[in-house]
Amino acid sequence: MGLAMKVVVAGGSGFIGSALIPKLHADGHDVILLTRNLDAARFRFGVRAKIEPWDGKNEGPWEIHIDGADAVINFAGEPLDARRWSARQQERIISSRVNATLAIVNAMKKAQRKPSVLVNASGVGYYGSVESGDVSEEAPKGNDFLSLVTHQWETTARGAESFGVRTVLLRTAVVLGDNGGALRKLLVPFRLFVGGPLGSGRQRFPWVHRDDLLGVILFAMTNPALAGPVNVVAPESVT
């Protein structure tokens with residue numbers, strides 16, 4: 001374990017955060033969780049994190065924790081699988097991510113002692129539909145909805161770079177693991193005995209295990225040489 005850090009986590013109540021916050025606490029870090037559901041967060045995390053309310057878009061008392069923090073980890077945003085992607089839901093997906101990230105970046109700008117690093121979520125959807133071949137971080141963005149979402153999300157996060165905050169953009173594949181995440185929903189039709197291939201069954205399915213994502217987050221948080229977009233995927237995708 002390295003030196004203990006003050007770490008602010010936004011969007012830490014979901015499948016990723018439920019594993020990340022105990023890991024940060026076990027490693028000796030001082031964790032502050034920004035959340036819209038105080039009671040649920042207190043029940044889940046207890047003494048492992050200081051719970052601070054925020055609405056994911058406006059300034060407020062929570063900003064005091066950004067000032068003097070060593071690292072900020074931002075996974076805040078409407079879940080992609082919460083409901084059907086109507087026009088209204090698409091707007092909710094975009095605005096929840098952009099507004100939360102902009103609020104964090106603005107708080108950093110006002111801070112007297114700015115965090116050393118912002119580790120900000122993104123996704124491999126940045127690249128759009130890739131029919132074949134490998135994709136590196138230098139590949140251009142696609143032209144579909146997820147490409148738009150991740151492009152706006154990353155552009156907002158990179159605002160922190162203008163005042164010296166190292167910014168890491170985690171272009172994460174579909175996160176799999178026990179007790180939640182995408183796997184729980186993918187298993188439902190099989191448990192109902194109607195499971196089968198999705199679509200043609202031949203399209204590529206980039207994925208990453210939650211434990212490996214946690215390792216990348218911690219590496220990004222503590223490695224000063226890492227900045228910009230990082231693809232967070234298993235070495236080989238599957239169909």
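1. Basis. The model is predicted: local features need pLDDT of at least 70, side-chain atom pairs count only at pLDDT 80 or more, and totals for chains, interfaces and linings use all residues. Residues are numbered from 1 along each chain as its sequence is written, and side-chain values use heavy atoms, with hydrogens and water left out.

2. Sheet. Seven strands make an open sheet with parallel pairing, in the order β3-β2-β1-β4-β5-β6-β9. At its edges are β3 (50-53) and β9 (228-232), each of which pairs on one side only. Neighbouring strands are turned by 20° against each other on average, direction ignored. Strands (E, at least two residues) and helices (H or I, at least four) are DSSP runs, numbered from the N terminus; two strands pair if DSSP finds at least two bridges between them.

3. Two strand pairs. Four bridges join β4 to β5 (residues 117-123) in the parallel sense, and Ile73 stands opposite Val119 in β5. Between β6 and β9, also parallel, there are five bridges, with Val168 opposite Gly228 in β9. Four of the five residues of β9 are buried (under 20% relative accessible area; exposed is over 50% and partly exposed lies in between, with a 1.4 Å probe and protein chains only).

4. Helix α1. In α1 (residues 17-26) the buried residues are Gly17, Ala19, Leu20, Ile21 and Leu24. They pack against β1 (6-10), β2 (30-35), α2 (38-45), β4 (71-74) and α6 (210-222); contact means heavy atoms within 4.5 Å. The helix α1 lies across β1, β2 and β4 and runs at about 155° to β2. By comparison, α6 packs on the sheet by touching β1, β4, β5, β6 (166-172) and β9, and its direction makes about 165° with that of β6. Axes are lines fitted to C-alpha atoms, for helices over the stretch in contact, and angles run from 0 to 180 degrees between N-to-C directions. After α1 comes Gly28, with a positive phi near 95°.

5. Cores. Which residues touch the most other members of the largest nonpolar core? They are Leu24, Ile73 and Met221, in a core of 34 residues. The largest share of this core, six residues, comes from α6. A separate core of 21 residues includes Ala76, Ile104, Met108 and Val165. A nonpolar core is a set of buried Ala, Val, Leu, Ile, Met, Phe, Trp, Tyr and Cys residues joined through side-chain atoms within 4.5 Å. Leaving aside neighbours within four places in sequence, Leu24 is in contact with Val7, Val9, His29, Val31, Ile73, Leu218 and Met221.

6. Aromatic pairs. The whole structure holds three aromatic pairs. Rings of Phe, Tyr and Trp (its six-membered ring) pair if their centres lie within 6.5 Å; planes under 30 degrees apart count as stacked, over 60 as edge-to-face and the rest as tilted. One of the pairs is Trp54 with Trp62, edge-to-face at 5.2 Å centre to centre and 75° between the planes; both residues are buried. Another edge-to-face pair is Trp85 with Phe145, at 5.1 Å and 65°. This pair links distant parts of the chain, 60 residues apart: Trp85 is in the loop between β4 and α3 (87-110), Phe145 in α4 (residues 145-157). Trp85 is partly exposed, at 34% relative accessible area, while Phe145 counts as buried at 15%.

7. Charges over rings. Arg97 lies over the face of Trp153, 4.9 Å from the ring centre, and Arg210 over that of Phe15, at 4.2 Å. The criterion is NZ of Lys or CZ of Arg within 6 Å of the ring centre and within 35 degrees of the ring normal.
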